[in-house]
Structures are given as structure tokens and as C-alpha cells.
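User: I am new to this structure and would like to learn how to read its features one at a time. Could you take me through them, giving the general idea before each case?

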Amino acid sequence: MNKRTIAILGATGSIGTQTLDIVRRYPDRFQADCLVAHSSAEKLFDLVREFRPKVAALAAEPREIPEDVRFCEWIFGPDCAVKAIQAAKPMDALCAIVGIAGLDAVWAALDICERVLLANKEALVTGGSLVMEKAAQLGKPMLPVDSEHSAIFQCLQARQENPVRRLHLTASGGALRDWPKEKMRSATVRDVLAHPTWSMGGKITVDCATMVNKGLEIIEAHYLFDMPVDRINVVVHPQSVIHSMIEFEDGAVLAQLGRPDMRGPIGYAMGFPERIPYGAQPLDFAQLGQLTFAAPDGERYPCLKMAQDALRAGGSLPVALNGANEVAVAAFLREQIAFGDIAPIISEVLEKTSRSEITCIGDVYAADAAARVLAKNCVGRLSC
């Protein structure tokens, strides 16, 4: 069996390190030819020593490169992910760069790689139809890595061309789901990052607590599966055992279940159409006892409706939503604003944004830049 070469963009992050665990388990099947990180130089050096890629890249150039990792080609700078993919020319690209910063890499990966393994939802939230049209024109599969979209994708393999009536995205509710609503506003960074079921990076964990993450996933699902927003449902499922579901016209529902472990959807995308064991413990349904569900509380999670409304409006509004959220979350993680300020910042940016059409990648970045200016003004006002 020929090894599949893979670029791992975001190699030192949560998704990247779990992807490398799959590579480590199956050295006869996968070769990590390209490793890209933002600024975690020492972590990347250790990964280069272990996996010996052809190309390694850092957005923030370190003072020096240790002698024992100079065997590979090194690339630095803000566009290092794109240049690294171009240099390595891997079969697959696992795109896990956080935020709109990953859009250019996804765009480049479609040109160069056989498959794109998508863990960067913001590429579709912002690039949406442009990215999917390019993938279709080139005949390149976009394999979802988000647990919810992987679950839907897996269920769709069994539909046998039967039409799907609705998609059901499950949500954990985040670290504050059981807090009194009036107390949520003053939650600390430590409080918000204490996710009860998933181990993820800081930004996405905050997004879970505001449920912006689920709003972004609605937009991603709309583009990935060509499903109207009004046929994408969200349900809070605290146990995070059912990862998402599809519903047919006759009311039958298919669900994908598993323990909350991102190596499941990562491995499914890497090995597709084969399944790759990764050491997960099987579900013990008797021990689980019960699985519970609830409709999301609109007062607790106002960002969810903002995302739905932005998708309905289309054009530059989803881009503005994402840009405002990235600025607000970064400010919260720096303790410049309160947790309760995130939603009002996003709302104000959306209210002040005039909808424009997105016809090229340049339009995406222009809309993003405008939204960030508005959001930073809000942060400045709130942090005074």
C-alpha cells in the first residue's frame, strides 16, 4: 500500500496533534510531509524531529533553527502555509488553522492536493460558495473534520439517494450551559475554557460557550451539504455522544454516535472510505444511562440567531459575523472585555455593516477588514 502524504496545517494545535497521533499509529499508511504552525516553534521542532517532514513552516520566524531539524525545507511568514503546501505538494491537506487566516491555505490546497480535510469552518463561513464552486470545478473532495459535519457526512453515506428533510446539529452547550443566565456575563476566561466534554483550543472553546460555534457550523453545513438554513436544526445534547443526525422525508433519523474524541472524525477523513481504529473505548450504553436533548435558549445564546440571520442575508454578512467574533473572542481571551460583551459586539457590527456581494476572495478580505475595524472600536470603547 502506498503511503498517503499529508500536510498538517495547525500541527501544534489540538486538531493537529490528534492528527499526528493517527499518523504515529499508522506509519505504513501516512507520511506527514508538511507541518505548519503559527508561533509554537519549540513544539514544532519536536514534531519535525519525530516525523521528519519534507517541509516545515512557522508564521512567526524564530531566532534560530536547531541544527538537528535543518534537514527539511523551512518557510516563514504570514503566508507560510500556502508556500509550504506549494513546496511539499502532498496528496492531502488537513486544514486546521483557526479563523479566516486559514482561507488562503484551503484555497491553495484545492489547487495542489487530491483532497482537502477541512477542520477550518471559517474557510466556508467566509469563502462559502467561492470555495465550494472551486472544489466542484476541480473535482476535489472536501472531507469534513468537524465532529458534527463528519457525523452528517457519515450518515449521508447510507441514505441511498433518498432526499434528506433536515440536518440536526448537536451542541454541547459549552462550559456555561448550566450557569444562571444573569451570571454568565461575568464568567472568567478560566470558567469558559473548562469545557465539560471536549478538549479544544481556546478560541473554539469560547465559541462553544457563546454558541457562535454552532452558528458557524450552520453556515458550514449549508455550503457543504447544500442545505437551506431553515432545514438545519440545532439541539443541545450535553453528553456529546450523538454527534449529529440526518432526517428523511418519512421521519426516519440516522445518527452517528461515539465517544467525544476528535480522532474519530479525523481518522474517518484521513482513511475515507475506510475506517481507521484509533484506540477508542467502545460505548457502554448501559453505563451511559440516558441521553438528553433540549432546544437552545435564545436568551442564553443570542449569537446563534445572529448567525442564522447572517446566512439568510448572505453576501458579506457571514464574513462580518466571523470577523467581529474573532476580534471579540481575542479581546476576551486577553481579558480586555467581559464574556457578556462578545454578543453585543457582534450584534453592533452586523447592524452597522452594509451588505455587499462576495464575488472573489478580495471581497471576502475587504468585508472582513471592515468588520474588524468596527469590532475593534467596540472593544476599545468597552475596555476603557
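Analyst: What follows goes from the overall fold to a helix, a pocket, the cysteines and a few backbone details. This is a predicted model, in which local features need pLDDT of at least 70 and side-chain atom pairs count only at pLDDT 80 or more, while totals for chains, interfaces and linings use all residues. Residues are numbered from 1 along each chain as its sequence is written, and side-chain values use heavy atoms, with hydrogens and water left out.

User: How many helices and strands are there in the chain?

Analyst: Helices (H or I, at least four residues) and strands (E, at least two) are read as DSSP runs and numbered from the N terminus. By that reading the chain has 16 helices and eleven strands. The radius of gyration, taken over C-alpha atoms, is judged against the globule rule, which is 2.2 Å times the number of residues to the power 0.38. Here the radius is 20 Å, close to the 21 Å that the rule gives for 384 residues, so the chain is as compact as a globular protein of that length. Taken along the principal axes, the C-alpha atoms fill a box of roughly 55 × 50 × 40 Å.

User: What share of the residues is buried, and what do the contacts in the chain join?

Analyst: Buried means under 20% relative accessible area, exposed over 50%, and partly exposed in between, with a 1.4 Å probe and protein chains only. Buried residues account for 57% of the 384 in this chain. Contact means heavy atoms within 4.5 Å, and of the contacts between residues at least 6 apart in sequence, 67% join residues at least 24 apart.

User: Is helix 11 enclosed or open, and why?

Analyst: Nine of the nine residues of helix 11 are buried, so this helix is largely enclosed by the rest of the structure. The buried residues include Arg263, Pro265 and Tyr268, and what covers them includes strand 1 (4-9), helix 1 and strand 2 (30-37). Threonine 19, which is found in helix 1 (residues 14-25), shows one part of this packing: leaving aside neighbours within four places in sequence, threonine 19 is in contact with Ile6, Ile8, Leu94, Ile266 and Met270. Threonine 19 counts as buried at 0% relative accessibility.

User: Which elements supply the lining of the second largest pocket?

Analyst: A pocket is found on a 1 Å grid over the protein atoms alone, as an open set of points where a 1.4 Å probe fits, with protein on both sides within 12 Å along at least five of seven lines; lining residues have an atom within 4 Å of a point. The second largest pocket has a volume of about 370 Å³, and of the 21 residues that line it, the closest to its centre are Gln256, Leu257, Gly258, Gly264 and Tyr278. Helix 6 (147-156), strand 11 (253-257) and helix 11 (263-271) each supply at least two residues of the lining. Glutamine 256 lies in strand 11 and is buried, with a relative accessible area of 17%. Leaving aside neighbours within four places in sequence, the contacts of glutamine 256 include Ala151, Gln154 and Cys155.

User: How many disulfides does the structure hold, and why?

Analyst: A disulfide is a covalent bond between the sulfur atoms of two cysteines, and the cut-off used here is a pair of cysteine sulfur atoms within 2.5 Å. The structure holds zero disulfides. The closest cysteine sulfur to that of cysteine 208 is in cysteine 303, 12 Å away, which is too far for a bond. Cysteine 208 is buried, with a relative accessible area of 10%, and cysteine 303 is also buried, at 2%.

User: Where in the backbone is there a cis peptide bond, and which residues other than glycine have a positive phi?

Analyst: The peptide bond from phenylalanine 272 to proline 273 is cis, with omega near 10°, and proline 273 is found in the loop between helix 11 and helix 12 (285-288). Lysine 89 has a positive phi, near 50°, and lies in the loop between helix 3 (80-88) and strand 5 (92-95), where it is exposed with a relative accessible area of 60%. Glutamate 335 has a positive phi as well, near 65°; its loop runs between helix 14 (317-333) and helix 15 (342-352), and glutamate 335 is exposed at 63% relative accessible area.

Technical notes. Grid points are joined across faces, edges and corners, and a volume is the space filled by probe spheres set on the points.
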